[in-house]
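Hello,

Here is the structure I promised to pass on to you. Have a look at it first, and then read on for my notes.

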Amino acid sequence: MIIVMKPNAPVEERDRIISRLQERGYKIDISAGNQRTILGIIGDTSVLNPHDLMVNDWIEKVMRVEEPFKRANRAFHPEDTVVDVGGVKIGGRTIQVMAGPCSVETRDQVVGIAKSVKMAGAHLLRGGAFKPRTSPYSFQGLGAPGLDLLKEAREETGLPVVTELMSTDMLDRFVEDVDMIQVGARNMQNYTLLRELGRTRKPVLLKRGLAATVQEWLMSAEYIMAEGNPNVVLCERGIRTFEDYTRNTLDLSAVLAAKKLSHLPVVVDPSHAAGLWWMVPQLAKAAVAAGADGLLIEVHNDPEKALCDGAQSLKPERFAELMGELKGIARIIGRDL
Ligand code: PEP
Ligand code: MN
């Protein structure tokens, strides 16, 4: 339930309302805007009557929030959230592009790709050190040494790094060494991992689960935010459907739904959605046209020899061309890139 205070309501009145509710066992989230304060009531609000709360003259309205997510809800936080990842602001006017290999393989590979995507205008470097592979016999990533190589690539290029965390035992190392922690599609409902990430202030890139509804995806964001970490960026990466021509089905309508329901930034990963490199540029452009706040694109210098996801990786030259094309789309819709 949400209480919207009247413009310029006195702080004493607000605090009086808050302590009454706290006495009844509710937690209150305060969102103070320039003119108006909004109070989010957290707890079992089914027993609260909005009309009873309206006795205070300084309350403009009381709304039931139908959705079970509160901190991620746009009703509670009407302005778009902007998440700062090592100085790169995701969720503002600029569309931010994260690019790099599926997995970190060697120093030359990751530093080389980092330099070429940086030259093409990418804003962040992506690369997996810990890989959640469907088969236990596939390449599982370099592990911790991969993080060292990502750090080297960051030193060489200045690009902030986003990489996937699979288990809480590496959390401290990730907090220390990376700029944004990715939660992979397969871990979207790993609630232990989400809660632990919520206890940090690290920006989190939360990928949508393979078969998750938009509401389930936002509930996962809520797990992180409920622990106190507001720095969540959502990533649509395609969902499982009956179609098997593509690896997954890119659900652009989910971008619109997530942005309507939530204030969190939403980025799109056309690489894992399509699974086919030649579809990636068109899908990336469609995503920007649809209102995505950023893109995640896999780029590899030698896709044929890639240890992971080569078939969906763009070569650096094609990526550079795409960045130019995306600038055009961004301009048309009044955004920068
Ligand atoms: C990845 O980003 O390389 C990855 C494994 O993504 P997803 O979790 O979306 O499959
Ligand atoms: Mn991949």
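Let me start with Lys305, which counts as exposed because its relative accessibility is 63% and the cut-off for that label is over 50%. Please keep in mind throughout that this is a predicted model.

Lys305 has a salt-bridge partner in Asp302, and the closest N and O atoms of the two are 3.4 Å apart. Asp302 itself is partly exposed, with a relative accessibility of 28%. Elsewhere, salt bridges with shared partners link Arg107, Lys115, Glu152 and Glu156 into one network.

Two more pairs are worth a look on screen. Arg74 and Asp80 meet through their side chains in a salt bridge, at 2.7 Å from N to O. Asp80 comes out as partly exposed, at 40% relative accessibility. The other pair is Arg195 with Glu227, whose side chains form a salt bridge of 3.0 Å, N to O. Arg195 belongs to helix α6 (residues 191-198), while Glu227 sits in the loop between α7 (214-226) and β12 (232-236), so this pair ties together parts that are 32 residues apart in sequence. Both ends are partly exposed: Glu227 has a relative accessible area of 27%, and Arg195 is at 34% relative accessibility.

Now for the ligand. Which residues come nearest to ligand 1? There are 13 residues around ligand 1, and the nearest are Arg126, Lys131, Ala185, Arg186 and Arg237. By type, the shell divides into 7 charged, 3 polar and 3 nonpolar residues. Oxygen atoms of ligand 1 take part in the contacts that follow:

- Arg126: a polar side-chain atom is 2.7 Å from an oxygen atom of ligand 1.
- Lys131: an N or O atom of the side chain is 2.8 Å from an oxygen atom of ligand 1.
- Arg186: a polar side-chain atom is 2.9 Å from an oxygen atom of ligand 1.

On its own, ligand 1 would expose 290 Å², of which the protein buries 97%.

Last, the surface. Tyr245, Trp277 and Trp278 make up a nonpolar patch there, and together they have about 400 Å² of accessible area. You can find Trp277 in the loop that runs between α9 (270-274) and α10 (280-290). Trp277 counts as partly exposed, because its relative accessibility is 43%.

How values were computed:
Residues numbered from 1 in each chain as written. Chains lettered and ligands numbered in written order. Predicted model: local features only at pLDDT ≥ 70, side-chain atom pairs only at ≥ 80, totals over all residues. Heavy atoms only, no water. Patch = residues over 30% accessible without salt bridge, like charges linked within 9 Å, V, L, I, M, F, W, Y side chains within 5 Å. Areas by Shrake-Rupley, 256 points an atom, 1.4 Å probe, with all protein chains shown as cover. Salt bridge = Lys/Arg side-chain N within 4 Å of Asp/Glu carboxyl O. Helix = DSSP H or I, 4+ residues; strand = E, 2+ residues; numbered from the N terminus. Buried < 20%, exposed > 50% of the residue type's maximum accessible area, 1.4 Å probe, protein only. Near = heavy atom within 4 Å. Polar contact = N/O pair within 3.5 Å; in protein donor to acceptor, adjacent residues only side chain to side chain. Nonpolar A, V, L, I, M, F, W, Y, C, P; charged D, E, K, R; others polar.
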